[in-house]
Amino acid sequence: MTFLTIGHRGVMGVEPENTLRSFVHAQQAGMDVIELDLHLSKDGALVVMHDAEVDRTTDGKGAIADKTLAELRELDAGQGERIPVFEQVLDAVRAPLQAEIKDVAAARALAEVMHRRDLVGRVEVSSFHDEAIAEISSLVPGVRTVLIASRWGDDVVERAKAVGAASLALSIRRLTLETVERAHEAGIKVIGWVVNTQDHLRLVRALELDAATTDYPEIRRTGRFTA
């Protein structure tokens with residue numbers, strides 16, 4: 001079988017996460033899709049960062065929502081990298097993107113960019129939040145969406161169906177064949193995250209997953225898999 005490889009925040013195992021440097025490395029490593037995270041700045045810019053605060057990944061402190069884009073751009077996001085905005089990533093790499101949104105407000109901002117730059121074919125949108133998936137689907141007809149879960153109940157496939165998600169992204173540590181089979185029966189693809197070891201790779205194959213999200217470029221090379 002073959003399956004997609006998704007670069008987690010670029011290749012965050014070897015580069016500063018969610019930076020242009022990380023995304024370019026992911027593309028050079030041959031990742032099929034590059035995953036990133038989106039938040040809104042105080043002045044409404046769609047900035048690429050995982051946490052709601054800048055403390056963990058930059059030399060600054062405080063919430064993204066309390067800072068303007070200009071203030072955010074002054075921070076060091078690792079190895080001299082700056083916090084990018086979404087459109088910079090679109091221009092820096094050619095690879096398909098998986099953009100994770102944290103809330104409905106980010107969904108609206110992303111929808112505007114997707115319409116302006118005709119991104120339905122290139123960008124799929126993911127979220128842990130059912131309402132954010134429903135919102136982006138209503139704003140961008142035809143968008144491909146991914147419902148993410150680290151812990152989930154027996155209703156996870158029904159939740160995905162209810163919001164029209166094409167895929168489920170589920171923690172490889174808890175994923176079972178039963179869940180995968182139920183999703184596939186419903187026509188929903190399954191992504192395993194985060195796949196960083198050979199044991200995880202064996203699980204990806206055994207469970208017949210459609211994609212694997214990884215922090216490391218060598219996982220693609222050693223796994224010998226392709227889209």
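Biologist: Which elements do the buried residues of α1 pack against?

Modeller: The model is predicted, and in this model the buried residues of α1 pack against β2, β3 and α3.

Biologist: Which residues of α1 are buried?

Modeller: Start with the general idea. An α-helix has 3.6 residues a turn, so residues three or four places apart point the same way. Now the case here: Ser22, Phe23, Ala26 and Gln27 are the buried residues of α1. They lie on the same side of α1, because the arc they cover around the axis is only 135 degrees. After α1 comes Gly30, with a positive phi near 90 degrees.

Biologist: What are the buried residues of helix α8?

Modeller: Helix α8 covers residues 198-206, and its buried residues are His200, Leu201 and Val204. Their arc around the axis is only 100 degrees, so they sit on the same side of α8. Just after α8, Glu208 has a positive phi of about 55 degrees.

Biologist: Next, the nonpolar core. Which residues of the largest one touch the most other members?

Modeller: The largest nonpolar core has 30 residues, and those touching the most other members are Leu36, Leu38, Phe86, Leu97, Ile101, Leu110 and Val123. At least two residues each come from α1, β2, β3, α3, β4, α4, β5 and α5. The element that gives the most to this core is α4, with six residues.

Biologist: How many residues are in the second core?

Modeller: The second core is separate and has 25 residues, including Leu147, Ile172, Leu175 and Ala183.

Biologist: Back to Val123. Which residues does Val123 touch, not counting those up to four places away in sequence?

Modeller: Val123 touches Phe86, Leu90, Leu97, Ala99, Met114, Val143 and Arg144.

Biologist: Now Glu100. Is Glu100 buried or exposed?

Modeller: To decide, compare the relative accessible area with the cut-off: buried means under 20%. Glu100 has a relative accessibility of 5%, so it counts as buried. Glu100 is placed in strand β4, and its side chain makes a polar contact of 2.9 Å with the side chain of Lys102. Beyond neighbours within four places in sequence, Glu100 is in contact with Glu35, Leu36, Asp37, Leu38, Ser126, Ser127, Phe128 and Ile148.

Biologist: And Ile148, where is it placed?

Modeller: Ile148 is in strand β6, residues 145-149. Its relative accessible area is 7%, so Ile148 is buried. With neighbours within four places in sequence left aside, the contacts of Ile148 are Glu100, Ser126, Ser127, Phe128, Ala169 and Trp193. Sequence separation and distance in space can also be set side by side. Ile148 and Leu168 are 20 residues apart in sequence, while their C-alpha atoms are 5.8 Å apart.

Biologist: Which strand holds Thr5?

Modeller: Thr5 lies in strand β1, residues 4-7. Thr5 counts as buried because its relative accessibility is 0%. The side chains of Thr5 and Arg220 are joined by a polar contact of 2.8 Å.

Biologist: Which residues line the largest cavity?

Modeller: The lining of the largest cavity consists of Glu17, Asn18, Val48, Met49, His50, Thr57, Ala77, Ile83 and Pro84.

Methods: Residues numbered from 1 in each chain as written. Predicted model: local features only at pLDDT ≥ 70, side-chain atom pairs only at ≥ 80, totals over all residues. Heavy atoms only, no water. Helix = DSSP H or I, 4+ residues; strand = E, 2+ residues; numbered from the N terminus. Buried < 20%, exposed > 50% of the residue type's maximum accessible area, 1.4 Å probe, protein only. Contact = heavy atoms within 4.5 Å. Core = buried A, V, L, I, M, F, W, Y, C linked by side-chain atoms within 4.5 Å. Arc of directions from axis to C-beta. Polar contact = N/O pair within 3.5 Å; in protein donor to acceptor, adjacent residues only side chain to side chain. 1 Å grid on protein atoms, 1.4 Å probe; cavity = no way out; pocket = protein on both sides within 12 Å on 5 of 7 lines; lining within 4 Å.
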